[in-house]
Each structure stands twice: as C-alpha cells, then as structure tokens.
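Please open the model in your viewer and keep the selection panel at hand. The tour moves from one selection to the next, and at each stop it says what is to be found there.

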4 protein chains.
Amino acid sequence: MTRIGYLGPPGTFTEEALLTQSDLASADLVPLPSVGDVLSAAGSGQVDLGFVPIENSIEGTQTTTLDALVFEHDLFIQREVVISVHMQLVGPAGLEVGRVQRVLAFPFAENQCRRFLAERLPHAEIVPAHSNAEAAQRLAEEAGGSGGGVPDTAAVSTALAAELYGLTVIESDIEDHPDNSTRFVAVAASGIPAPTGHDRTSIACFQKSDHPGSLHGILGQFSARSINLTNLQSRPTKKALGDYCFIIDLEGHVGDEVVADCLRDLHASLKDVKFLGSYPAAGHHGPAIRREVQEAWRSADVWVADLRSQIRP
Amino acid sequence: MTRIGYLGPPGTFTEEALLTQSDLASADLVPLPSVGDVLSAAGSGQVDLGFVPIENSIEGTQTTTLDALVFEHDLFIQREVVISVHMQLVGPAGLEVGRVQRVLAFPFAENQCRRFLAERLPHAEIVPAHSNAEAAQRLAEEAGGSGGGVPDTAAVSTALAAELYGLTVIESDIEDHPDNSTRFVAVAASGIPAPTGHDRTSIACFQKSDHPGSLHGILGQFSARSINLTNLQSRPTKKALGDYCFIIDLEGHVGDEVVADCLRDLHASLKDVKFLGSYPAAGHHGPAIRREVQEAWRSADVWVADLRSQIRP
Amino acid sequence: MTRIGYLGPPGTFTEEALLTQSDLASADLVPLPSVGDVLSAAGSGQVDLGFVPIENSIEGTQTTTLDALVFEHDLFIQREVVISVHMQLVGPAGLEVGRVQRVLAFPFAENQCRRFLAERLPHAEIVPAHSNAEAAQRLAEEAGGSGGGVPDTAAVSTALAAELYGLTVIESDIEDHPDNSTRFVAVAASGIPAPTGHDRTSIACFQKSDHPGSLHGILGQFSARSINLTNLQSRPTKKALGDYCFIIDLEGHVGDEVVADCLRDLHASLKDVKFLGSYPAAGHHGPAIRREVQEAWRSADVWVADLRSQIRP
Amino acid sequence: MTRIGYLGPPGTFTEEALLTQSDLASADLVPLPSVGDVLSAAGSGQVDLGFVPIENSIEGTQTTTLDALVFEHDLFIQREVVISVHMQLVGPAGLEVGRVQRVLAFPFAENQCRRFLAERLPHAEIVPAHSNAEAAQRLAEEAGGSGGGVPDTAAVSTALAAELYGLTVIESDIEDHPDNSTRFVAVAASGIPAPTGHDRTSIACFQKSDHPGSLHGILGQFSARSINLTNLQSRPTKKALGDYCFIIDLEGHVGDEVVADCLRDLHASLKDVKFLGSYPAAGHHGPAIRREVQEAWRSADVWVADLRSQIRP
C-alpha cells in the first residue's frame, strides 16, 4: 500500500488538501511533525510520497519548504494541489458565539482571524495552540473532561479537525482575507509524471557570479521561446552574502521539446540548474499556447535535421 | 518626542533589532499587536515611524509585510536593519537543562529549535505561547507565583526578553540554523532619506499584461544600466489569477541620476510602478560600482545636453 | 548665398536628387569629384552644405559615405532625400534603338542595365565612361563634332543629363530592377534641425570590447523604450580585426526626451557613441507611436520629479 | 574536372583570390560577366562552384552579392577567402611614372587611388575602363599596336593582370587605404562542408513584423548561448517599405549542437530563416571559445536526457 507522509497532526489544512485527491486519500497516511521530517521520509523511502505546503500557507511559510527542496533534499515534485483556506470557529455542540470566554488558537491562525476576534470576541482570552488541529483536539479533550459544567471555550481550527474531534462549527470562514489559498506539493525520491499537455516545471538556477544582468540572461531563455513563467523568486544561497539563486516555475514539461531545449541551454550557461519537477498544473493555464509553440519547434527541428543531413562526411 | 510603533510585545526580535539603532532606541516605543497595526499607525500619523520584520523572520513571514506595503499602504521605507536571530532557552535562576520538564514556546520558535528540543529535552512537554516575548513573560509570572516550589519550566525566547523579565539564559543560541538573519524596515508616511552613496531602493512593478517576457524587459532596464538587483520576487496581485507583480530591491537611490532615469523608463513602459523607498543599505555592498556608473552617466548627460543645445529653434 | 557641394559632375543622380528640394535648388551648387571631397568641403566651411548618396546608390556604395561620416569627418546630417533611380538610354535627336552600334556607359550603370543591353543591343560595343553624367556629356561632344555623319552612338545616363546636354531619351527606365531607390543626405559642420515630429536619428555605437551580446545590450536600450530602428549595420572599425561598430538609424529626434534618454544611456555604457544627426525623415513613418511614447515618458518624468522632491536635504 | 565560374574577366581581384586556393586553382576556371551570372551558373549546375566578391570589394558592392544570395538564389557558401587588395600602376616595360600622360582605369579603382593620381599624375588624362583587368588588357593591345612610338599610357590594375598581359608594375600598392581587404565566397547548389572546429555560419532572419525589439529578440538567442556574431546587417526585403531582414554571420557550424539548437529556436520563432552556409572561417577566430561552449552544451544534453529517461510512461 502506498505510504504518504504529510505535515501533521491529523486535521491540518495539509490533510484537508491531501483528502481532495481521491487517488491519495485511500493511501496509508502518516502524519509527521515538520516539513523537514516529511521531506526526509520521502528522500529515504520511508514513505513513497511526501505532502507539504509550499506557498502562502497558513501553517508555515513557503520559504522553509522551498529552501529545503532546493538546498537540502533531492526530490521531484509529482503533483501540486491548491485549495482555498478557510478558518472555522469550532466548539462543543450548543456553544454560541456570545458565550465564548476562551479561544484556543494556533498563533498563525489567530493572526489570520484578527479582525473577527477583535470584533466578535473582544473580551475572550486567546490561548495559544501548537497547530490548528491541536487546538481542536485539546478543546475536545477539555470538553470531554469538563464534567457537565457549561463549556465556554472555542477553538480556531479547520472543518476537517472539527469533524475529526466531534466538534461543531460555530462560525464558518472567519479569516480576514477570504480569498486566501495555499499550494501544496507531493514529492518523491524519483520518477517524473508523464506530460499531460497541461504541466508546470519547477527549477532552481544558480548563476556563475553575481554580476548585474545574469537574471536578465536567464529570463531571455524563456522569453526567446515564449515560455510563460508563473512564479519567480530570488533566494540567498547561504554560501556567501549576495550570492543568489532563482527559483522559477514555468509552463510546460521537461518532456516537451521546447522546455527540454530551454533547460539544456540554461544548464550549459549557468553554474548549476536544479530540477525540482515537471508535474500536472493545478488550475486552467497554458495548454493552447504550448501546442502552437511545440508545432513551430517541431517544424524547426525538421529544418535543422535536413540541413545537417547535407553536411559532407 | 518621536513615536515609533513596532511589532510587539516588548522583548521580541523586532524590539531587539530596534534597540540596535542608537538614534531610535531613545524614542517613545509603542508595541502594537500585528504588522498591519504598525503599518496603519504609521500611515495615519499615529506614530512617526513603524518598525516591522520584512524578510526571513522568525516571528512572521516576509510575505505578509511585503504584500501589505505593496497592496494596502502608501509608506516609504526609511531604513533597513538586519540582525542575526538567536534563540535562547531561558528560565528562573538556578534551573538546569537536565531538570526541565516543560518548555513554553512560540510555535514558530519551537520549529526553529526542533533539533535542540529533540536531542536535549526529548521528554519535556512543549506548551505553546503567543510570541517569543510572551513565553518569557508567562514563565516569569508562573515562577513568581510558584511559592518556593522547585521550578521545572523553561521558555524559548530572546536575550532581550530574558533580561526584561528577570530570567537567565540556560542555553544560548539553540536554533537549528545558526546563520539565520532577519531584515526589518522602518517606514513612514512621507519623506525619503538623503542619499548616502550606499543605498538601496525598493519598488513594485506591475506589468501591462501577463505576456511572456515582460519581466525580461523589466530586467533589461537594470541590466542596461549596470544596476545590481539584490532581491526579486513575483507576487500574485490578487486581482486575477495569473496576474503578477514583481517586487525588486536594487542598489542605488532615486536621487542618483542613473536610478531616476531607470525608474522613469520603467514607469513609462509599465502599467504601474510603486515606489517603496530609497534608504541606506545595511551591509557593505555597492558604493564603488555605483560611483563609476554615475560618472559615466554624468558625462553622457553633458554630451546629450551639448547636442541638444545645437538644435535650431 | 548658400553654397552646396555635391557629388558631381552635373547631371548625376545626386544633382537630380538635390533639385527635388525646392529650397536647395536655387542655392549655389558646386559639383565636386568625390564623396570625400564633398565631406571635406562641408567640414572646412568651404561649402555650407554637402550633398552625397549614402545608401544603395548607383553612383557609389553606401559603405564609402557611411565609413567617411563615421570615421573621418565630424558632420551632422541635416536632411535625407530618397529618390527612385531610373536609367535612360539617351542619344542625339533622331537616333533609334535599332541603329545603335556603340553605348557610352558608366560601368556601374552598365551593370544595372545588363538585361536591357543584352536583349536590345546585343551587338553594341559598350564604351566605359567616368560617370553617368560624363557619358552624356561625351556623347554630346562627339555628336556635335561628328560633321553631319549619321550618329550611331548612345549613352546610358540620367534624364537630367539628357536635358543638360541637349540629348533625347531614346528608351526610358531601362534598369533591370525598376524599384531601385537611392538615399542621399545633406550634411553640415554644425546645427541640428528642429524636431518635426517625424524625424530620424543616426548614430554609430562603439562597444567596449567584442564580447558576445554587446549588440544585444545596445538594442535592449531601444527595445526597452519602444524606439523603432530603421537600419542597422555592423562595420569593422579598421583598428583591430574583429573590432566592430554599429551604425544605427532610429525613429525620433535627439530633442525628444525619450531619445535623449536613450542616447544618454548608450553613451554611459559604451566606449563611444558618435552622433551623426537628427533630421526630418523621408517617407511616412513613425510619428503616431512616437507621440504616445512621449506622453508616457512625460508622465513618468513628473512621477520621478515628484519623488525626488521628497528627498530630505 | 571541377568547373568554377567566377566574376571575370581574367586578371580581376576575384581571380587573384581564387588562385590563392591551391585546390581550386587547377580547376576549369570560367570567367563570367556579372555576379548574377556566376550565381545562376552555380544554381543551374552549369558550374560546380561559383566564386564572387561579397564584402567591401573594389569591383562591386557586397550589397549586390548579398541580396542575390538572400533573395534570388538557393546556394550554400562553401568557403570564404579574404585577401588584401592592392592596386598597381602598370605599363609597358620601360615606362616611368614621370612620363605617363594617360591612365586607363576602372572608375572604382580610380576612386580608390584618387590621392596617388592627384599627387603623382595631376596632369594625366584618366580614361575609364570596364574593369581592372580590362584596363591592363586594353593597354597591352594599344602598346602592342603602337608601332615603335614611345608609349605614354599606363593602367591602374592588378598584379595578376600585369603578368597576364605582359606588363610591368611601375608603382605598386598605390591605393589610398592600404589595409583594404575583400572577402570572396565560393558557393554551390548543395552540400555543407564538414565542421573544422573553426567555422562560420551565415543566415538571413526574416521577422514576423516590424515591431520594435524583434532584432533584440533574435540577438538574445545568440547571446544566451555565447555565440559570437562577426557581421550583422539589416536589409530591406523589397516586399514592403519598412520590412527588413537581418543578415548575420556567426561563429560555429550547423553541425555544432549549440548552433543547431540556436537555429532551431530562431526558425521556430521567426517568419523565416534562410541558411546561407556553414564553412571554414578565414582568419584565426573562434575555435577555443567554441569548444568550451560545446563541452557545456554536451553535459547539459546528458543532464536533460537523464531527466527525460525518468518520465513515467
């Protein structure tokens, strides 16, 4: 049975995202305490797949995951999952907002619901929790052991955790920014998913030296081939002050000729290029343009091959 | 007296960073509960200066601050401060590591010290706190009220908080990544510091449409003028899926002709450019190159002016 | 009275082109024997204006004139004139094509009319002349001194020369490539014509060293500002093998802010830029785009000026 | 026996250049009257090889040859030959400069020796000839038929023509610009010479439309691959006013992976690319850089191939 390690504990947004994938939901799901632990488990084969938040997350920052993938592990992204992130005020059945005196909350989640808490629960004590899931879990334990007294404690948590720990949602979608979404990736030690015609490729580019314009040259490679970038970030390499690498998401798959060709040129001209994966893109971008570009590239390939066949031995 | 709002509570790394600035340390320091609160206070004039973490922080993510500066406020960065971030295990005088049974910790800090906690305190209960500073503060309260019993609780916190709350450092620099540093910025509603010859400028570039190569064109403007970039990030604008802006730090000051000239061209060719500030650069980069570039630019300016003086009326 | 030196002798295409300019036609026209002589006369002030072919000419190559303007003289182009070039078979009144036994022709013109001569006059002897005009002039002298005998000699020449020397056009437009046109320039030692909103600027760019991509950088300056190029040529500098300069015609006038700005950046980043002139463009290109670009540039200029006014002293 | 058509008549610089090639010198050399005739003969197979001046020639302009190769014929350049061009004052044995009264000269050569003629033979009559070779040939005929009288006529011609027609060189290297050199090419209807590690490739690039920056994009392809350009020219396509193509010489051979790769991308992104040939470069440029670039490209190719082998079926 496929084993999937994910950033736990059960009931986090990461598990919520994982459960949206029907083919993964039935696997053996293993909660692990940190992004680093998940990536290590995937690298060592302890799990077949690791599942972690990578961008704009409420449970952690993209920087941690991204830096770990770029600098510490050798893993290929297999899939990306993007979900809307909604915070819930959860509590024991019967508890109403007006009676809440204490709120258990992961500090990050507290931060995301600052406005709701200030307006609706200005006098409630906010008690920190380890994670969104733990807030619900602890609340369920407290409520269970409250001996019939009137419970006045709620938690900020996820819909999944409420279900998991037998709580009800008192107020839903209480986050300040309702259109918040988080991107998760599934990673494995080897293997690249076959192209679907609707893929994304992630790479990290290490330049030869920090001279002005080197990024300009890197981007020229994409622009020269009409390859769309969907994300770009400079990150310090931690080797020397002012030494940067560039982490780039682009539309297309290493199996596409035009992308392979671009990666080849980047690799030939840079100090290093780390391949982070080619995988089906979430969302609805890119395939049409890509097909046309491929077409032109193929006819160019025939042209060059024909020329080269005329070279005298 | 100058009022400075900062991301509180007292004892955080943000306050530590603020106190490294001798001219700011003696101001009226106002702790505020969130980055958004600090930026709003600076925007409304409630404080003269706001002070917040912006990059790679242990107390929050750069994304929050950066997005707020770009999309929600109109503030100019006045100064940047970069400090090394070190976590401390603190406790009441006399407590030794071997006897610690409980540890109060801000979940983010717990994350940063995962290895130390696993190796040295594998059996200790980790109790979440709201912030690094609150962990120390709460510990001091508990210890104060412990009535002579033997205290066995420590906290993960900052050196400043230990001092503030009368605790001692039991183990210092317990973070997993010792070379972690955080960048903070001071922002104000108006005014740009005079050029020092050693400055950084931050801008956000909004492209006309998401066509491939637009970032390539933007970077061409810097590369054409030998202007070094020290940071670059694409960020979704939240207006439409796939609509990105680029947040760029560059070496130089809007008061430098060559930078002004570059900003002018960017502004003329893009949908919008938001100016986030020109301010003295932390660290030791840039001034030599800059001078030479300025020199060449000035002589070019004389050349063009001389040509234009020959235009017949 | 204005003195204009031009590439003689009288009756050449150069004079034809000069006479299309009503304000120049009435000046004191001085035929000179070579392009070098015309440029020297203009440089020394011996004439107020020099008039020479510069591109695709039938009387000489652009290379000679272009190289002389770039490497040997310091002159500004004042005007360009583009005319269609048509060759005429001319002869004494009454001479018919069928009876022509000899044809006087400047070798270059002979080259241009190769097909006509082969098809219509396959048996005629071709006698070389010094220039198109001299062919007509010599024919007129021969015919005048022929003592009543039946003339059987024609000349390949210009319509102007036929008129000048009392000859008639026997066959008109006998050139192989009917859509041939030649570009002429008027040059002076100083002064730049005022912008008309429909101008061209010519420059020569000398790069710092022959490293790959330097031209790419040069063109980036134009492309970054949406400035159209209408001509571009690499030319060896004759200083060292492989040392090139680039001669560029662009749309716009040094009096336009966006062009001045571009020239400034080129001058600041290259070894040298030689300004060859800003002058009204022949033909119907460019003004609309230019206006829009100017608009954007001006609003950008206001933006930068406003920012800079906020710099603290 | 190999037949080689060349721009005649015998004794021209073109023949001089041809005879520097030991393997071609013994072929069946066929003088033809024009560049167009040579190219047509090569295209139709009437000759195996055509040999014509292409750049900076004294007998014609590069533009003619270049335009013919680009727009009218489908030929591949097989070889380039660059020779220094020196003009000679030639005459019958015994004639001294002081006694020369008439000089036969091809007008182009007259132009090249203007200074010598003005200073040393200010009173001599200049009589135009069809070509450098014909000047010598005609002089030899005149001298042969002069019936013992004292000859006072010289010719401006080539050393080869002097030898061919039994004349002596009276004054050697009389050209104004002593470092003048001309480039010739040998062209054939098919076949590309094998790479030598020291090659040049010539192409013509046709852009999709005349939008600013298209050349910038084209050059980005070379610059992105560290491919040196040795010549570049914009040429009007004669299809529409303002419709240009770019004729480019670059270092390397279509058989080099990095060049093939570049041509493929150009072909895929442009309206058309015409391949004019890959052939051994005259002179001493390029091979070292090329090898290193090839090396990097090959290792990049292995990297991409390895990645692609991991794609799941």
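**Stop 1: chain A as a whole**

Before selecting anything, keep in mind that this is a predicted model, and that its scores are ipTM 0.73 and pTM 0.75. Now select chain A and colour the chain by pLDDT: the average is 84, and 88% of the residues score at least 70. Within chain A, the mean confidence is highest in β9(A), at 96, and lowest in α11(A), at 69. Where pLDDT is low, the predicted coordinates should not be read in detail.

Switch to a cartoon view, in which chain A has 11 helices and 14 strands. Of the 313 residues in chain A, 53% are buried.

**Stop 2: a five-stranded sheet in chain A**

In what order do the strands of the open sheet in chain A lie? Select the five strands and read across them: the order is β7-β6-β8-β5-β9, and the pairing is mixed. Because β7 (125-128) and β9 (168-171) of chain A stand at the edges with a single partner strand each, one side of each has no neighbour in the sheet. From one strand to the next, the twist averages 35°.

Zoom in on β6 (residues 102-105) of chain A, which pairs with β7(A) in the parallel sense over four bridges. Show the side chains here, and you will find A:Val103 opposite A:Ile126, a residue of β7(A).

**Stop 3**

One place to look is C:Val90, whose bridge partner in β8(C) is C:Ala155.

**Stop 3: where chain A meets chain D**

Show chains A and D together: 33 residues of chain A are in contact with 34 residues of chain D. On the side of chain A that touches chain D, α9 (214-223), α10 (257-269) and α11 (287-309) of chain A each supply at least two residues. The residues on that side of chain A comprise 17 nonpolar, nine polar and seven charged ones.

How is chain A laid on chain D? A turn of 179° with a shift of 0.0 Å along the axis does so, with an RMSD of 0.1 Å, and this is the relation of a two-fold axis. To find the axis, select A:Gly220, which comes closest to it of the residues of chain A, at 3.2 Å (C-alpha). Since 100% of the interface residues of chain A are also interface residues in chain D, the copies meet through the same surface.

**Stop 4: two helices**

Select helix α9 (residues 214-223) of chain C, in which 10 of the 10 residues are buried, so the helix is largely enclosed by the rest of the structure. Among the buried residues of α9(C) are C:Leu215, C:His216, C:Gln221 and C:Phe222.

In chain B, go to helix α3 (residues 35-44), where the buried residues include B:Val35, B:Val38 and B:Leu39. Just after α3(B) comes B:Gly45, with a positive phi of about 85°.

**Stop 5: details of the backbone**

Finish with the loop between β1 (3-7) and α1 (13-19) of chain C, which holds C:Pro9. The peptide bond from C:Gly8 to C:Pro9 is cis, with omega near 5°.

Last, select C:Asp173 in the loop between β9 and β10 (181-188) of chain C. C:Asp173 has a positive phi of about 50° although it is not a glycine, and with 15 C-beta neighbours inside 10 Å it counts as partly exposed.

Definitions and conventions
Residues numbered from 1 in each chain as written. Chains lettered and ligands numbered in written order. Predicted model: local features only at pLDDT ≥ 70, side-chain atom pairs only at ≥ 80, totals over all residues. Contact = placed C-beta atoms within 7 Å. Nonpolar A, V, L, I, M, F, W, Y, C, P; charged D, E, K, R; others polar. Least-squares fit on C-alpha atoms with pLDDT ≥ 70 in both. Pairing = 2+ DSSP bridges. Axes fitted to C-alpha atoms, helices over the stretch in contact; angles between N-to-C directions. Buried ≥ 20, exposed ≤ 12 C-beta atoms within 10 Å, placed from the backbone. pLDDT = per-residue confidence, 0-100.
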